[in-house]
Amino acid sequence: MNICLFTKQEIDKPLSLHDARAKHIIKILKKKVGDTFNAGIIEGSSGIALITAIDDIDENGTLSFSFTPQGDGKPLYPLIMIIGFPRPIQLKRLLRDMAGLGVCEIHLVATELGEKSYLNSSLATSDAGRTMLVEGVVQAAGTHIPSLYIHNSLNECLDVIEKNLKQDDVLFALDNVNAKDSLSSVLERESSLLKETRTAVACIGSERGWTDKERELLESKGYKRLRMGNRVLRTETAATVAASLILGAMGYLN
């Protein structure tokens with residue numbers, strides 16, 4: 001835990017010693033009264049928290065602290081990831097990694113070749129998905145959490161995203177079948193454009209990839225189909241690699 005995150009309502013109140021954050025601060029970080037730890041407000045500023053008291057007299061003990069904001073909490077980057085819904089165990093890692101990298105939106109899509117039952121997992125139907133995102137943000141010592149969306153089809157997803165796109169936004173669809181160019185070569189040629197553009201969107205298929213119908217749809221919407229070498233990658237691996245390459249080309253990983 002590289003930062004302890006609190007809501008706006010929590011930041012001015014004592015923290016129960018039963019709370020996982022308090023346990024981490026005391027037992028893992030070994031903090032005492034007078035010590036400080038990294039803290040932040042979810043969707044707000046980051047800074048330093050000073051422990052002012054630890055009341056452990058009874059089972060209702062609390063840890064009191066004062067928070068001093070020092071930064072903007074690492075705003076998210078203008079990269080939208082469209083990802084074919086992977087296996088739930090892979091999705092946990094994927095959400096943490098995407099949040100850690102700082103993408104602004106994650107759109108999970110039921111692709112034509114994807115397993116439809118995955119949409120019934122707890123990660124798609126409860127707050128469990130947001131919990132994974134928070135874990136990724138905490139690892140990255142940030143405060144801003146990517147938005148998570150679930151779509152029943154690629155067409156539905158593209159229509160939603162298209163409403164907010166600008167003319168100079170860059171659209172990529174990663175595909176290892178008959179793609180005429182590679183992501184790395186396009187990023188190298190268009191690095192200056194990427195640094196000036198408002199938003200980049202990257203599409204990653206599910207484990208079995210895209211259908212020809214989905215490829216045609218992506219191309220009709222202006223997405224460049226690009227390959228990432230000749231190896232077949234897991235969905236979460238492909239997403240992490242693609243996001244890292246694009247963010248690097250946009251100048252955010254310097």
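User: In this predicted model, which strand and which helix each supply at least two residues of the lining of the largest pocket?

Analyst: The model is a predicted one. The largest pocket holds about 310 Å³ of space. Its lining comprises 21 residues, and those closest to the centre include Leu174, Asp175 and Asn176. The elements that each supply at least two lining residues are strand S12 (224-227) and helix H9 (235-249).

User: How many nonpolar, polar and charged residues does the lining of the largest pocket have?

Analyst: Among the residues closest to the centre of this pocket are Leu233 and Ala238. By class, the lining has 9 nonpolar, 6 polar and 6 charged residues.

User: Which element gives the most to the lining of the second largest pocket?

Analyst: Of the 13 residues that line the second largest pocket, the closest to its centre are Ile80, Glu105, Asn164, Arg198 and Thr199. Strand S6 (77-84), strand S7 (103-109) and helix H5 (154-162) each supply at least two lining residues. The most, 3 residues, comes from S7.

User: How do the residues of the lining of the second largest pocket divide into nonpolar, polar and charged?

Analyst: Ile80, Glu105 and Asn164 are among the residues closest to the centre of the second largest pocket. The residues of its lining divide into 6 nonpolar, 3 polar and 4 charged.

User: Are H2 and H9 roughly parallel or roughly antiparallel to each other?

Analyst: Helix H2 (residues 88-101) packs with H9 at an angle of about 10 degrees, and their axes are 9 Å apart. Angles under 35 degrees count as roughly parallel. The two helices, H2 and H9, are therefore roughly parallel.

User: How many nonpolar, polar and charged residues does the contact of H2 with H9 have?

Analyst: On the H2 side, the residues include Gln90, Arg93, Leu94 and Asp97. They meet residues of H9, among them Thr235, Glu236, Ala239 and Leu247. By class, this contact has 6 nonpolar, 4 polar and 3 charged residues.

User: Which strands are the edge strands of the open sheet?

Analyst: The open sheet has 7 strands in the order S8-S7-S6-S11-S9-S12-S10, with parallel pairing. An edge strand pairs on one side only. The edge strands are strand S8 (147-151) and strand S10 (181-182).

User: Which residue in S12 does Asp181 stand opposite?

Analyst: S10 and S12 run parallel and are joined by 2 bridges. Asp181 stands opposite a residue in S12, namely Leu226.

User: At about how many degrees does H2 run to S7?

Analyst: H2 lies across S6, S7 and S8. Its angle to S7 is about 155 degrees.

Conventions
Residues are numbered from 1 along each chain as its sequence is written. This is a predicted model: local features need pLDDT of at least 70, side-chain atom pairs count only at pLDDT 80 or more; totals for chains, interfaces and linings use all residues. Side-chain values use heavy atoms; hydrogens and water are left out. On a 1 Å grid over the protein atoms alone, a cavity is a set of points where a 1.4 Å probe fits but cannot get out, and a pocket is an open set with protein on both sides within 12 Å along at least five of seven lines; lining residues have an atom within 4 Å of a point. Grid points are joined across faces, edges and corners, and a volume is the space filled by probe spheres set on the points. Helices (H or I, at least four residues) and strands (E, at least two) are DSSP runs, numbered from the N terminus. Ala, Val, Leu, Ile, Met, Phe, Trp, Tyr, Cys and Pro count as nonpolar, Asp, Glu, Lys and Arg as charged, and the others, Gly among them, as polar. Axes are lines fitted to C-alpha atoms, for helices over the stretch in contact, and angles run from 0 to 180 degrees between N-to-C directions. Angles under 35 degrees count as roughly parallel, over 145 as roughly antiparallel, 65 to 115 as roughly perpendicular and the rest as oblique. Contact means heavy atoms within 4.5 Å. Two strands pair if DSSP finds at least two bridges between them.
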